[in-house]
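Welcome! Here is a short tour of one protein model, written for a first look at it. Please keep the sequence and the 3D view open as you read.

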Amino acid sequence: MTEQTPDKHVGGRGFDELVELVAKLRGPNGCPWDREQKLGDLPKYLVEEAYELVDAVADDDTDAIEEELGDLLFLMVFFARIAQEDGRFDISSAIARTCHKMVRRHPHVFGDLSARNADEVLTHWYGIKAREKADNGVAASAVGNIPRHLPALLKAQKIQRNVSRVGFDWDQAEQVLAKAEEELGELHEALASGDKDAVADELGDLLFSVANLARFLGFESEEALERTNRKFVRRFQTMEQRLEATGRPLKDFTLDEMNAEWERAKQGENSGTGTER
């Protein structure tokens with residue numbers, strides 16, 4: 001048997017084949033695992049595949065981007081197939097709905113409005129989105145309709161960005177920093193009190209304030225934290241390798257010994273780049 005070359009064409013026949021493939025997997029003679037899945041079973045896979053695509057983009061790995069994008073598209077079609085079997089909608093109606101929405105929200109492309117820059121595009125976008133919700137009887141709120149299952153750090157920054165658009169914001173970065181410092185002080189007080197609920201509340205307030213500082217300074221808090229995650233892992237692995245090269249297991253080293261090697265790993269990075277990464 002000769003190996004078939006994957007169809008590289010986008011849309012049309014290739015997409016139809018994917019829809020047919022999912023239908024077969026869900027059919028009477030299909031895959032037992034695929035057939036037993038319900039809509040509520042799929043979100044965890046969707047989140048995993050989305051983050052794998054994010055990793056591929058971050059690595060600028062063309063093959064991985066193509067593969068993960070295909071996996072994500074497969075899940076979209078899988079979602080729609082289950083919805084179709086439940087009598088809700090099919091993939092064609094979902095695509096049509098999105099196309100209509102994109103046309104409606106881009107009047108500077110498909111209508112008579114103009115947009116000189118990205119800021120004006122966003123102004124049109126959010127204005128149209130607000131009118132759509134009002135027409136559907138959804139109460140207007142800058143913090144309403146934010147996805148409940150969005151990761152907390154992303155959600156915090158989205159809340160802060162939304163309220164900023166209606167004028168609820170600080171004037172200067174120093175004010176945002178002062179608020180974070182105020183929250184840190186309140187966390188110290190909560191720790192001294194021994195009240196675990198108060199500690200949890202103040203810790204959350206501190207995280208929220210720091211996320212807001214990142215937003216105000218023009219950074220994505222998720223990306224900033226992930227940058228530190230990578231830096232920590234890189235330095236810890238360097239420390240591990242150097243200590244384990246002595247022949248002693250890592251657990252036999254004292255904290256002072258580990259910290260000393262950590263500082264050497266840190267200095268090695270700084271001397272190689274000129275700055276701390």
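Where does Val233 lie? Val233 lies in helix 11, where helices (H or I, at least four residues) are DSSP runs numbered from the N terminus. This is a predicted model, in which local features need pLDDT of at least 70 and side-chain atom pairs count only at pLDDT 80 or more, while totals for chains, interfaces and linings use all residues. Residues are numbered from 1 along each chain as its sequence is written, and side-chain values use heavy atoms, with hydrogens and water left out.

**More about Val233**

- Val233 counts as partly exposed, at 44% relative accessibility; buried means under 20% relative accessible area, exposed over 50%, and partly exposed in between (1.4 Å probe, protein chains only).
- Val233 and Leu53 are 180 residues apart in sequence, and their C-alpha atoms are 21 Å apart in space.

**The second largest pocket**

- The second largest pocket has a volume of about 540 Å³.
- On a 1 Å grid over the protein atoms alone, a pocket is an open set of points where a 1.4 Å probe fits, with protein on both sides within 12 Å along at least five of seven lines.
- Grid points are joined across faces, edges and corners, and the volume is the space filled by probe spheres set on the points.
- This pocket is lined by 19 residues, and the closest to its centre are Tyr126, Lys129, Ser141, Ala142 and Asn162; a lining residue has an atom within 4 Å of a point.
- Helix 7 (118-135) and helix 8 (152-165) are the elements that give two or more residues to the lining.
- Helix 7 gives the most to the lining of the second largest pocket, with 6 residues.
- By class, the lining has 10 nonpolar, 5 polar and 4 charged residues. Here Ala, Val, Leu, Ile, Met, Phe, Trp, Tyr, Cys and Pro count as nonpolar, Asp, Glu, Lys and Arg as charged, and the others, Gly among them, as polar.

**Helix 8 and what follows**

- Helix 8 has 14 residues and reaches 20 Å from its first C-alpha to its last, close to the 20 Å expected at 1.5 Å a residue; the expected span is 1.5 Å times one less than the number of residues.
- Ala156, Gln157, Gln160, Asn162 and Val163 are buried in helix 8.
- The cover over these buried residues includes helix 10 (196-216) and helix 11 (221-244), where contact means heavy atoms within 4.5 Å.
- Just after helix 8, Gly167 takes a positive phi of about 95°.
- Gln172 has its place in the loop between helix 8 and helix 9 (173-193), and is partly exposed, with a relative accessible area of 47%.
- From Gln172 to Leu217 is 45 residues in sequence and 9.5 Å in space, C-alpha to C-alpha.

**Helix 10**

- Helix 10 has 21 residues, and its reach of 30 Å from first C-alpha to last is close to the 30 Å expected at 1.5 Å a residue.
- At the start of helix 10, a side-chain oxygen of Asp195 reaches to within 3.0 Å of the backbone nitrogen of Asp197. A polar contact is a pair of N or O atoms within 3.5 Å; within protein, one must be able to donate a hydrogen and the other to accept it, and residues adjacent in sequence count only if both atoms are side-chain atoms.
- Among the buried residues of helix 10 are Glu202, Leu206 and Arg215.
- Helix 8, helix 9 and helix 11 are included in what covers the buried residues of helix 10.
- Ser209 also lies in helix 10. Why does Ser209 count as buried? Ser209 is buried because its relative accessible area is 7%.
- Leaving aside residues up to four places away in sequence, Ser209 touches Val176, Lys179, Ala180 and Glu183.
- Just after helix 10, Gly218 takes a positive phi of about 90°.

- Glu36 is found in helix 2 (residues 32-36) and is exposed, with a relative accessible area of 52%.
- Gln37 is found in the loop between helix 2 and helix 3 (43-58), and counts as buried at 6% relative accessibility.
- Not counting residues up to four places away in sequence, Glu36 touches Arg26 and Asp41, while Gln37 touches Arg26, Leu42, Tyr45, Phe78 and Ile82.
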